[in-house]
Amino acid sequence: MKKLLPIVVILLMTLPLYAQNPVWNLEVEASELNLVGKAFYDTPNPYHRIDTCRFKGFTKGENMQCRCAAGLAVLFTTDADAVGVKMDFDEASGDSYRSYRGFDLYIRKDGKWLWAGMCDFPRIHKNKEDVRTIVQCMAAGEKECLLYLPLYTDIKSCKVCVSGASHIDPMESPFRHKIVFHGSSFTHGISTARAGMSYPVQFMRRTGLQPITLGFSGNCKMQPYFADVLAEVEADAYVFDPFSNPNIPMIRERLRPFIDRMVKAHPGKPIIVQRTIYWEKENFDTEAQKEFGGRRALSDSLMTEICKEYKDVYYIKPDAALHNGESSTADGVHPNDHGYSLWEKSIEKPILKILRKYYKDIK
């Protein structure tokens, strides 16, 4: 017992070293670093995806989603041993998913983006000086960092904080081309556990291509005012998830005018349309089988004709299911993190195959 006592004392003395918070010596507004993933860089608030004073017609809920930072990320370098964030926001989703108010950090090592840490903020956030630690106790040396912003939060200010006598500088983007991803809650990333797990940003890390994520949960119905926005986004390719929100009559009425508008706005650019995935609630729900099976059948028929007419329009079929009796869904509708990984893997090769026809640098 006497021999164990000194060991216990040493453990008790060292425990606070691991529990203490970092000392934050430097903070920089994220927008002053390299903010990537934006469709328009002239928004009055740098963290808003769409300027709703410039583009009109959105509902109140859609306006809020335009102000969400879903898909936006910050690139920076630092030699700090800890990274955190200080946040001030106007509105946030009341849902429980941490990705809605959370930050997700990746650091590049040996050419690959590895997950490094995350943090999130409460729905009621009064202490604007509160710094949330994302990662700490890192080894010395330069780090190349990719920090994803929250999916469902209207950010007023976001300061990236680093510890010690360190620096933080903008990092030049290694991501090539610009690929617009526009779609439903699936494209928005609803039900992900972390902000870096939606399928467009997983595609970003795996391919080195830059997604412009314009997912609008529950609201991607090929509305003319969304087409107004998409017509003005300059990109190298356009990937749409247009069949997950509109019902069958809406698809029949709106698909052709939407595709016609996109082809006219972006001549010679690849326009890639995704079929809606199999929703796992279809397993036993006969009404779901009728509705979502009907959407797939109709989109298959319409897109077959459209692809014959337009040489730059393509139709692909994503898959987010395991097909082994186990589930990859969070709620019967939205995939979980693994489901979104399955989705990304199912579209990665088809999209790259299409893009190689247009861009020789894509391998």
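## Helix α4 and P200

P200 lies in helix α4, which spans residues 199-207, where helices (H or I, at least four residues) and strands (E, at least two) are DSSP runs numbered from the N terminus. This is a predicted model, in which local features need pLDDT of at least 70 and side-chain atom pairs count only at pLDDT 80 or more, while totals for chains, interfaces and linings use all residues. Residues are numbered from 1 along each chain as its sequence is written, and side-chain values use heavy atoms, with hydrogens and water left out.

With a relative accessibility of 0%, P200 counts as buried; the term buried stands for under 20% relative accessible area, exposed for over 50%, and partly exposed for values in between (1.4 Å probe, protein chains only). Once neighbours within four places in sequence are left aside, P200 is in contact with F181, T187, P211 and T213, contact meaning heavy atoms within 4.5 Å. P200 and L355 stand 155 residues apart in sequence, and their C-alpha atoms are 15 Å apart in space. Just after α4, G208 takes a positive phi of about 80°.

Not counting residues up to four places away in sequence, S191 touches Y97, Y100, A330, H334, P335, N336, D337 and Y340. With P335 there is also a polar interaction, in which a polar atom of the S191 side chain lies 2.5 Å from the backbone oxygen of P335. A polar contact is here a pair of N or O atoms within 3.5 Å; within protein, one must be able to donate a hydrogen and the other to accept it, and residues adjacent in sequence count only if both atoms are side-chain atoms.

Y47 is found in the loop between β2 (34-36) and α2 (60-67), and at 1% relative accessibility Y47 counts as buried. The side chains of Y47 and E29 are joined by a polar contact of 2.6 Å, and a polar atom of the Y47 side chain lies 3.5 Å from the backbone nitrogen of A30. Along the chain Y47 and C68 are 21 residues apart, with a separation of 7.4 Å between their C-alpha atoms.

H48 has its place in the loop between β2 and α2 and, at 15% relative accessibility, counts as buried. The H48 side chain makes a polar contact of 2.8 Å with the side chain of D154. Leaving aside neighbours within four places in sequence, the residues in contact with H48 are K38, T43, C66, R67 and D154.

## Positive phi outside glycine

C137, a residue other than glycine, has a positive phi near 60° and sits in the loop between β7 (131-135) and β8 (143-148). With a relative accessible area of 63%, C137 is exposed. M222, again a residue other than glycine, has a positive phi near 60° and belongs to the loop between β12 (209-215) and α5 (224-232), but M222 is buried, with a relative accessible area of 5%.

## The chain as a whole

The protein chain holds eight helices and 15 strands. Its radius of gyration is 22 Å, close to the 21 Å that the globule rule gives for 363 residues, so the chain is as compact as a globular protein of that length; the radius is taken over C-alpha atoms, and the rule is 2.2 Å times the number of residues to the power 0.38. Taken along the principal axes, the C-alpha atoms fill a box of roughly 80 × 45 × 40 Å.

Of the 363 residues, 57% count as buried, and among contacts with a separation of 6 or more, 78% are accounted for by residues 24 or more positions apart. The accessible surface comes to about 16500 Å², of which 54% belongs to carbon and sulfur atoms, areas being computed by the Shrake-Rupley method with a 1.4 Å probe and, for residues, with only the protein chains shown counting as cover. The mean positions of the 48 positive and 45 negative charges are 3 Å apart; Lys and Arg count as positive and Asp and Glu as negative, while His and the chain ends are not counted, and each charge is placed at NZ of Lys, CZ of Arg, CG of Asp or CD of Glu.
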